[in-house]
Amino acid sequence: MSSMRFKYSTSDREQSESDSLPRIPLVLRVGPRVAEAVGLVDSGATVSVLPYDLGLDLGSVWDDRKAILRLAGSIGSQPAMPLLATAEIANFPPVKLAFAWVQRSDLPVILGQTNFFMEFDVCFYRSRLEFEVRPKST
């Protein structure tokens with residue numbers, strides 16, 4: 001499977017090039033429900049994170065009894081539930097991604113070590129404002 005390069009981008013038109021980050025468009029599916037999103041590719045994130053509103057769009061129902069994941073960093077105080085989704089990125093074969101679904105909608109989709117970086121190899125070319133993604137070799 002070949003790789004694909006993506007441009008760093010900003011989340012707001014008023015931001016400058018120095019505010020650009022590695023963001024990638026993706027389509028998420030849970031059963032018959034589909035949602036489009038843009039994920040922040042974050043090699044420093046231990047887990048992938050899904051904001052609350054996107055989980056609702058995918059038909060998920062929040063259950064405090066299942067909010068057992070403990071997060072770290074700036075969202076460490078947030079309860080999180082495990083959520084599995086099929087992700088379609090570019091022309092790559094669909095993959096199952098595991099997310100920590102949090103009860104906050106003001107967060108981006110974060111694609112972290114578990115398990116985005118287990119499914120894809122990523123090379124960052126910050127000086128060129130590009131990054132390359134390749135599905136894992138089997």
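The largest pocket in this predicted model has a volume of about 280 Å³, where a pocket is an open set of points on a 1 Å grid over the protein atoms alone, with protein on both sides within 12 Å along at least five of seven lines, and the volume is the space filled by probe spheres set on the points, which are joined across faces, edges and corners. Of the 15 residues that line this pocket, A45, T46, V49, A72 and I75 are the closest to its centre, a lining residue being one with an atom within 4 Å of a point. By class, the lining comprises eight nonpolar, four polar and three charged residues (Ala, Val, Leu, Ile, Met, Phe, Trp, Tyr, Cys and Pro count as nonpolar, Asp, Glu, Lys and Arg as charged, and the others, Gly among them, as polar).

Residues are numbered from 1 along each chain as its sequence is written. Local features need pLDDT of at least 70 and side-chain atom pairs count only at pLDDT 80 or more, while totals for chains, interfaces and linings use all residues, and side-chain values use heavy atoms, with hydrogens and water left out.

Side chains of opposite charge can pair when their charged atoms come close. With a salt bridge taken as a side-chain nitrogen of Lys or Arg within 4 Å of a carboxyl oxygen of Asp or Glu, the count comes to seven salt bridges, among them the following.

| Pair | Closest N and O atoms |
|---|---|
| E130 and R5 | 2.9 Å |
| E130 and K7 | 3.4 Å |

E130 is buried, with a relative accessible area of 17%, whereas R5 is partly exposed at 39% and K7 is exposed at 54% (buried means under 20%, exposed over 50% and partly exposed in between, with a 1.4 Å probe and protein chains only). R5, K7, E130 and E132 are linked in a network of salt bridges. In the remaining tabulated pair, D106 is exposed at 56% and R104 is partly exposed at 24%.

S60 is found in the loop between helix 1 (52–57) and strand 5 (69–70), and counts as buried at 16% relative accessibility. Leaving aside residues up to four places away in sequence, S60 touches G55, L83 and W101, contact meaning heavy atoms within 4.5 Å.

Definitions and conventions. Helix = DSSP H or I, 4+ residues; strand = E, 2+ residues; numbered from the N terminus. 1 Å grid on protein atoms, 1.4 Å probe; cavity = no way out; pocket = protein on both sides within 12 Å on 5 of 7 lines; lining within 4 Å.
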